Amino acid sequence: CASAISIHIPGDGVPIIIVRRQLIAVPSPETAQRYFWPEFSVLGNCVFVRSCAPTGRLDTKLFATRTDIEVAYNHLHIWDLLSWLYPARRSFKTQATLVGHAIAANWATKLAFEFPRKKFLVFYTNEHDPIVRFHTLRPREPAWLDIASAPKDWNTFAYKVINGAIQKISV
């Protein structure tokens, strides 16, 4: 499941990320780690990217299910990470897609490693802009998105993480 990704930090301290031979710079080493290999936390039987997790007590009244809670918090718009490229986003669409693919693969890998007895779905969608999100698979809650019925132009895929094993599911 590992993506073809490497991170180099040259003398100026700006990380250069290479994804499948494409060069992409991000603002700082901390940003690279936060998005490409995030810390996770557990709150109220939900798993969150720590930097996006709700603070304090989990308010379940705002959401129908725990899956809805996780998807609301655990999503990353790739253009938020690459915001300094946003004005020229049409020119960098391939790079943004590669970054999204790499982040989805990395999140699936880290979730499998840190939670070997849990089940997750990590989604990549690209309706208007690339987004990565994940949630825990729960027996009595539907998945956030049925991959088989996703619109073709969303370029959607998911990683199913079950008990430490990772399977890629495409439309």
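Some ground rules. Residues are numbered from 1 along each chain as its sequence is written, and side-chain values use heavy atoms, with hydrogens and water left out. Because the model is predicted, local features need pLDDT of at least 70 and side-chain atom pairs count only at pLDDT 80 or more, while totals for chains, interfaces and linings use all residues.

Start with the fold. The chain has 4 helices and 10 strands. Those are DSSP runs numbered from the N terminus: H or I of at least four residues for helices, E of at least two for strands. Along the sequence the order is β-β-β-α-β-β-α-β-α-α-β-β-β-β. Of the 171 residues, 44% are buried. Buried means under 20% relative accessible area, exposed means over 50%, and partly exposed is in between, with a 1.4 Å probe and protein chains only. Contact means heavy atoms within 4.5 Å. Among contacts between residues at least 6 apart in sequence, 51% join residues at least 24 apart.

Now the cores. In soluble globular proteins, nonpolar side chains tend to be buried together. A nonpolar core here is a set of buried Ala, Val, Leu, Ile, Met, Phe, Trp, Tyr and Cys residues joined through side-chain atoms within 4.5 Å. The largest one holds 29 residues, and I78, I103, W107, L111, V122, V132 and F134 touch the most other members. Elements that each supply at least two residues include α1 (29-36), α4 (93-114), β7 (119-126) and β8 (130-136). Which element gives the most to this core? That is α4, with 10 residues. A second, separate core has 7 residues, including L121, I147, W154 and A158.

Take V122 as an example. Not counting residues up to four places away in sequence, V122 touches W107, L111, V132 and F134, among others.

A polar atom of the H135 side chain lies 3.1 Å from the backbone nitrogen of W144. Beyond four places in sequence, the contacts of H135 include T67, E70, V71, K119 and L121.

N126 is in strand β7. It has 8% relative accessibility, so N126 counts as buried too. The side chains of N126 and Y124 make a polar contact of 3.1 Å. That term means a pair of N or O atoms within 3.5 Å; within protein, one must be able to donate a hydrogen and the other to accept it, and residues adjacent in sequence count only if both atoms are side-chain atoms. Leaving aside neighbours within four places, N126 contacts T97, D153, W154 and N155.

On to helix α2, residues 66-73. T67, I69, E70 and V71 are buried there. Their cover includes β5, β6 and β8. At the start of α2, a side-chain oxygen of T65 comes within 3.4 Å of the backbone nitrogen of T67.

Last, the lining of the largest cavity. Among its residues are R34, Y35, C52, H75 and W107. Both α1 and β6 (75-77) supply at least two lining residues each. A cavity is a set of points, on a 1 Å grid over the protein atoms alone, where a 1.4 Å probe fits but cannot get out; lining residues have an atom within 4 Å of a point.

Conventions. On a 1 Å grid over the protein atoms alone, a cavity is a set of points where a 1.4 Å probe fits but cannot get out, and a pocket is an open set with protein on both sides within 12 Å along at least five of seven lines; lining residues have an atom within 4 Å of a point.
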